[in-house]
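Please work through the exercises below with the sequence and the model open beside you. Try each task before reading its solution.

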Amino acid sequence: MTQGKDAATPSETRFPGQHALEQQILRAGEGGLELVGSRCPQCEAAYYPPRRLCAKDLTECESIALSTRGTLYEATQIRIAPVGFEAPFWLGYVDLPENVRVFVQIRWNGDGEPRHGAAVDLLLETVRTGPPDVVGPIFTGPV
Amino acid sequence: MTDDVHVLGVGMTKFGRFPERSIRELGREAALAALDDAGVEKDDVGVLVCGSARTGILQGRESGVGQLIGWELGINSVPVYNVKNYCASGSTSFDVARMAIASGEHDVALAIGVEKLSSRVGKGAALTSDGMEVEGDLGFSPPSYFGMLARRHMDLYGTTREQMAQVTVKNRRFAAMSPYPQYRDPVTVEEVLAAKPVAEPLTLLDCCPTSDGAAAALLVSERVLGRYGRGRAVRVAASILHSGIYDQVKDMTTFDLDVGTSTAAYERAGIGPGDVDVAEVHDAFTIAEIVHYEDLGFCAKGEGGNFVSEGHSDLGGKTAVATGGGLLTRGHPLGATGLAQVHEVTAQLRGEAGDRQQPDAKVGLTHVAGGFLEGDIATSTVILLSR
């Protein structure tokens, strides 16, 4: 097994941001920023956040851009904000077709509340105000 | 197990916010109480195990908390094991002490757990959960996880906000009967629902408070039990520690890790969940206690809300839960919680729990589910004690 740099997020495709979150889960793709996961070429298992070795067979994983449309698993409205955030805001888990579940912020533009099963689309925008501001995944709906 | 292990003594401090008290002082008080309760001299202690989770970032003491408290107690030269294992640091120290005796290596072990969360040395960023750095940058905190879990449980099983609130009402009622919890005033369902919202649908009174404290247990082997007197000893029927499974795409309303840990504990002890008379579970949130009823087998999946509203977790019920007040009223000083649970269950099995005594308690359970790693709970401990 080669022991190079973290293959799940090759340095040449990394988002140029300085923050650990951006370094770990974003990359600059041809069409703009992408949310990054990893996939095992041996058993097809997908992971988020990306990991270098497959948890099942320790094969070196490939970096993949994750789907931009997913299904809301569940969400909650945060009413007491941690430092760097402004309440109220929504957090949630979104299931993606790659069979990964991502923890993200939710921006709900429709009536009522975001509910289990809703289709949602990915935005990569500021998730935390700094300094420095941090860019990360926000899923928005209704689609 | 190669040999039976017994809890001979327990001790704990009052839990609360004590900015003026140090971890060494808290640990010393709990350990001395356990030695006194056991009737064991400090020089008889053959091994010391100390659990704490956040003393590095908060008190500037990453290593050697066990040696520090040992020094306070005049316990030196013996092996000291320092344990850091998320919320389960205290119950893990219990398990290490148990293994030290079961292996035949030692006969008398002192397990200590301590934590001080109300203040910190120096300044720094807010605490995030170890293992959730990516999520922390998005605003993650444990209430957000359990807020989602609550919504899912309500959706799937019809669990109500009132049923969740009844957990706090029950645990506060128990707390009033114990000298140790931080919050001992009774509350009503209406007050829980009207409290400040934290992460929908959870309010402040659905969440455990910030707390400091320490607890300790003195464990002995079967070989030396006769020397000290068997009278108030409680037998360790099982102590199981498992770590996370880390399957992210799962039903959030059940912790597979806890199901596996408790199943292993019941098998080890040769009993079933129906035999458990009294339990201290990881009720960091009201909905967590409800889910733990289900995962620990006290009731069927989805029945947790009814389990509390029908009184099954109250005194005289199938399994009285959180008679010591639980995390919801004591607070959750991470390293201390697991041993505070052992303290309460030991009191119950001895018949020394006073007004909060579960009638004829013969088997007790303690449970901690601690930490997060990539979206899953990172560690789980289940201890079964019996008389």
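**Exercise 1.** In which loop of chain B is the place of B:Pro201?

Solution. B:Pro201 sits in the loop between strand 5 and strand 6 (202–203) of chain B, where helices (H or I, at least four residues) and strands (E, at least two) are DSSP runs, numbered from the N terminus. The peptide bond that leads from B:Glu200 to B:Pro201 is cis, and its omega is near 5 degrees.

Before going on, note that this is a predicted model, in which local features need pLDDT of at least 70, side-chain atom pairs count only at pLDDT 80 or more, and totals for chains, interfaces and linings use all residues. Residues are numbered from 1 along each chain as its sequence is written, while chains are lettered from A and ligands numbered from 1 in the order in which they are written.

**Exercise 2.** Find the cis peptide bond that joins A:Ala87 to its partner, and say where the partner lies.

Solution. The partner is A:Pro88, and omega of the cis bond is about -5 degrees. A:Pro88 belongs to the loop between strand 5 (69–78) and strand 6 (89–96) of chain A.

**Exercise 3.** Is A:Leu58 buried or exposed?

Solution. Begin with the cut-offs: a residue is buried if 20 or more other C-beta atoms lie within 10 Å of its own, exposed if 12 or fewer, and partly exposed in between, with C-beta atoms placed from the backbone. A:Leu58 has 12 C-beta neighbours inside 10 Å, and therefore counts as exposed. Its place is in the loop between strand 3 and strand 4 (62–65) of chain A, and its phi is near 60 degrees, a positive value in a residue other than glycine.

Now treat A:Asn99, which is found in the loop between strand 6 and strand 7 (100–108) of chain A. With 15 other C-beta atoms within 10 Å, A:Asn99 is partly exposed, and although it is not a glycine, it has a positive phi of about 70 degrees.

**Exercise 4.** Describe helix 4 of chain B and its crossing with helix 14 of chain B.

Solution. First check the length, using the rule that the expected span of a helix is 1.5 Å times one less than its number of residues. For the 14 residues of helix 4 (residues 89–102) of chain B this should give 20 Å, which agrees with end C-alpha atoms that are 20 Å apart.

Next consider burial: 13 of the 14 residues of helix 4 of chain B are buried, so the helix is largely enclosed by the rest of the structure.

Then take the axes, which are lines fitted to C-alpha atoms, for helices over the stretch in contact, with angles that run from 0 to 180 degrees between N-to-C directions. The axes of helix 4 and helix 14 (residues 334–350) of chain B come within 5 Å and cross at roughly 60 degrees. Angles under 35 degrees count as roughly parallel, over 145 as roughly antiparallel, 65 to 115 as roughly perpendicular and the rest as oblique, and the two helices of chain B are therefore oblique to each other.

**Exercise 5.** How many residues of chain B are in contact with chain A?

Solution. Two residues are in contact if their C-beta atoms, placed from the backbone, lie within 7 Å. By this rule, 23 residues of chain B are in contact with 31 residues of chain A. Helix 6 of chain B gives the most to this side of chain B, with 6 residues.
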